[in-house]
Amino acid sequence: MSAAGLRPLALAALLAAAALCHADPDPDPATAYEPAPGVLGPRPGAYASAQVLVPATLSAGSRAAYRFAGQEAWQPFDRPLYLSAFPGEERRYSIEFADPRSGPPSSLTYTIDLRPPEPPTFSAPPGDAGSYLSVSIASDGAAFVSVDGGPFEPSTAGSPLEFHAPADATAVVSIAAYAVDAVGNASGVASARWRLCPDGVEPSFPFDAPAAVRAVAKADAGAYLSAEVADLVGSARLTVRAPAGTVPCVAVNPADASSPASFVELSGGSSAASCVVPFPWGYEIPIDIRYGYVDDGVVFAAADSLRLLPRFPAEEASMAPAEASAPEIRAYGSAAFVHWPVGPWAVMYSIGDGEFVQSRQPLRVALGTEPIPIRYYAVGPDGARSAVSTATLPPGSSSAPPTIVGVKHGGAYGGPVIVVPGGASRPRYELSDDGSAPPPVDESSPALPAAGLAVEGRPGETVSYRLRVADGPEAERFVSFTIDREAPAVPAIAQSLSGYAASDTVVSFRQQEGEVFVSISEDGAGPFERYVGPIAMAGSDEGRKRYVVRAYAEDEFGNRSDEMPPFGLMIDRSTLYVDARGRPGASGAPDDPMPGLDDAIEAAQRAGKRFVYVRGSSSIGRAVVVGGRLEVRGGFDERWNEAPSVNADVSVRVPPTSSSYAFVVDGGELALSSISFSLKADGAGGLVLARSGSLEVDRCSISASGGIEVAAVRSTGADVTVSSSILRASSVVTGRGIDLSGGRLVVSDSTIGCDRSVRLFDAIRVSDAEAFVSGLRIDAEPSHAFSAFSASRSTGSIERCIVDVSGGSSSCRAFSAVSSELTASSVYVRAAWKGSVELFSAGSASTLRLAHVTAIADAPAALFVSSSASTVDVANSIASFSGGASVFMRVDGAAGSARLASNCLWGFERLAELSSPRRTIASVDELNGAFGSGRAPNRIERPSDTFRSTVKGLYRLSPASACAGGGRAVPWAAGTDLFGTPRPTGDGATVSIGAEEL
């Protein structure tokens, strides 16, 4: 048969031989490789399985011969040549082939490498690793790594695995790895476990993580251990007997007898096992055999060894496999790693009910809640199988730390925290409240209550807690948290504020813990609002505005600080301040007042300011003209707070001029309040001359002395209002309280008076004006003449007034109206006068109406009321006169120009004097007939019956008097009596006669 015809037959033999020895032939049979002339088979090299060389031809005369290196005899190459090795062995074949068709022999070298590499090693020893772990993996060949039960992944050389402990728990790190050498042999699994723990704490329980022991030790000389090699007719049978309970093992031609990877297990359960040691046909090189047993992962090797001399022709022999070796199982958490030790037989396995597959490398199996069975058996090259064995993988387990609910690591809370177990178990715990690490948990530690552990904190403090919770010896949780029941700091204003600002101001607060809530109001009672940025506080053109700034802080937990001390801020962009202690050139601010009032008034008008505030004593040395709106106000304490009971004192000394007045209102609006003026006059003048505009005097005292003719207030066309003030004159020839021509006058609750150093005194004089006077008291003691109220071409109303006048040697005219309308009601007049007295007079077509007047006069000649060509009504009044010639009423005109009703009269020499026809009336009946009303007649009553006593110099009405309830109301009378008591009104209502209502 030709060589070409034999090639398909040779290829078929190659495939059959490869199948018999579980080899993966190289190259592909379809393109058979010829490594040497006449030889078909794999390329020279290293292989992890048996390889087969077959003759390229079986033709006689063309067959090649071969011999192994070191041997002399040639063997005919007329059959397949099986190059194999024993599991765990690395056997090198150097073969020479001689081909009759060619020249010198060809040399081929093959290495059958069935020795698995050693499992990888880890750089860090297993066990507690602190808070940081770095693990490098060293291996012979490529390494495949599983971390925490995950799938095997290729390891990157030179890149360590790094792990950090969680901030709040322990963590167990498990690593499994195996190596694969260059020809594909897989090592066993190396595995280790480490425990990580946060810095600052130590685990409560020891961590048991022993490293797998992989070593070769010398067997005990007394151990029952033996081995023998027997001829099996063309092959060698190796039998090893080991101590009971151990697994026999053997190493064939070990390159390193101290390496556990060189030894393979022969059986899964029997302490005596046999196997075949293969060698090729014609192989005569001695084979070294070491034997021993495996106990708990350690190979115990016999001190001696066997030496096999293959001196007989060998055929590939087979032997029924023994019981398959048990797998190595490493179960970590959610996965198990399964590996069958290298042995003489292939191992087939099935997971659960799955199909059987051959084990070639370590296996990862995901674990569940139930155990997982693994079935396996051993199979020989000829297909002989061992019995099926079973191993069981345990359910998955967890080394995760216990879960807790209700608190987080690093959390901050403002109130009680309830720590509740996150599962069904009740782990034990330890707790510290000073920030230190809690003590270790042990069996005496309390169990976490199912309803939860309440942690309250401490009032007014921020408490740092550390909680340690353990549920088993490996896993712990460490939770640090704070309970903040400490109030934040009291807010502080960021900028420097003096309490006064001359313009609009912004207030801001320093940044701090928590949120600031601010109240800004004029009375300090405003609501609090969240502070989000600087707050503008506006002033006013109508006067100063005071703000009270209050604030408190509140943190995220609701803890509230104390309220900061209220800060008072006055914004006054319309005022200048005056104090005699001020400095020249001062700004006029509260803390830098001007010393002179006249300078301040002029400066205020130049600057468009509305107010001038005066404190203490000041002065005016020249006349100041007011052409705009200005208020000069006193009544302030040392802090410029309003003090109504304290007036400012202003001395006025204006040099004599054509108009010597301190204030001249010329079209402006001037208001004076809470100031005591002391005026020294020379010649004619006074305090205020109001030419036009308006003047208000409130709560002031005006004391004028000296001069020829002095008026406290004079108006020539302005409106004047005087309230709650005192006007007095002394040491002056002619003194006047208020002298008004044109405009409108309102006087309320004030006093006007003079002493005996004044010669002539007019309390109020008006012309061409309207006047409304109430609550006025006039106390005067002039030396010559007196007038309380005189009106010319005017309209006047006077209510609740007292006139007390004494002294005087000339005329005393209390109230007079010339070409005017004057109504006086609830008026009390007492005149003790040395000259003549005329209390009420009306002339030149005036209208005079008097109601509820009490008039007491003691003078040589006295007249209660006189009328000249005018109309006079007198009702419900008391006139009690004493002295010489006294007349109740003098009428110059028609008899019907006077009307009298319900008056009480006493002491008059004549009740009436009539000019036409000239006659007098002496009896009250005749008076009633001439001027009175039959429905409300006048009457005569002694003063001792009319009055009961005097109170503060005023005669008070006696309840027994006929005047008590003896009058009838008139519609134009005041609604209250002299003292403010309401008086009945309405047509025909009964009222008392006189200024007092009983």
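Where does Ser 259 lie? Select Ser 259: the residue sits in the loop between β21 (247-252) and β22 (264-265), where strands (E, at least two residues) are DSSP runs numbered from the N terminus.

This is a predicted model, in which local features need pLDDT of at least 70, side-chain atom pairs count only at pLDDT 80 or more, and totals for chains, interfaces and linings use all residues. Residues are numbered from 1 along each chain as its sequence is written, and side-chain values use heavy atoms, with hydrogens and water left out.

Stay on Ser 259. Its relative accessible area is 4%, which makes Ser 259 buried (under 20% relative accessible area, with a 1.4 Å probe and protein chains only). Show Arg 115 next: its side chain and that of Ser 259 are joined by a polar contact of 2.7 Å (a pair of N or O atoms within 3.5 Å; within protein, one must be able to donate a hydrogen and the other to accept it, and residues adjacent in sequence count only if both atoms are side-chain atoms). Beyond four places in sequence, Ser 259 is in contact with Arg 115, Glu 118 and Val 216 (heavy atoms within 4.5 Å).

Now select the cysteines. The whole structure has 0 disulfides (pairs of cysteine sulfur atoms within 2.5 Å). For Cys 249, the nearest cysteine sulfur is that of Cys 275, 11 Å away; Cys 249 is buried at 0% relative accessibility.

Last, colour by pLDDT, the predictor's confidence in each residue from 0 to 100. The chain mean is 90, and 94% of residues reach 70 or more. Over residues 1-6 the pLDDT is below 50. Where pLDDT is low, the predicted coordinates should not be read in detail.

Key. Helix = DSSP H or I, 4+ residues; strand = E, 2+ residues; numbered from the N terminus. Buried < 20%, exposed > 50% of the residue type's maximum accessible area, 1.4 Å probe, protein only.
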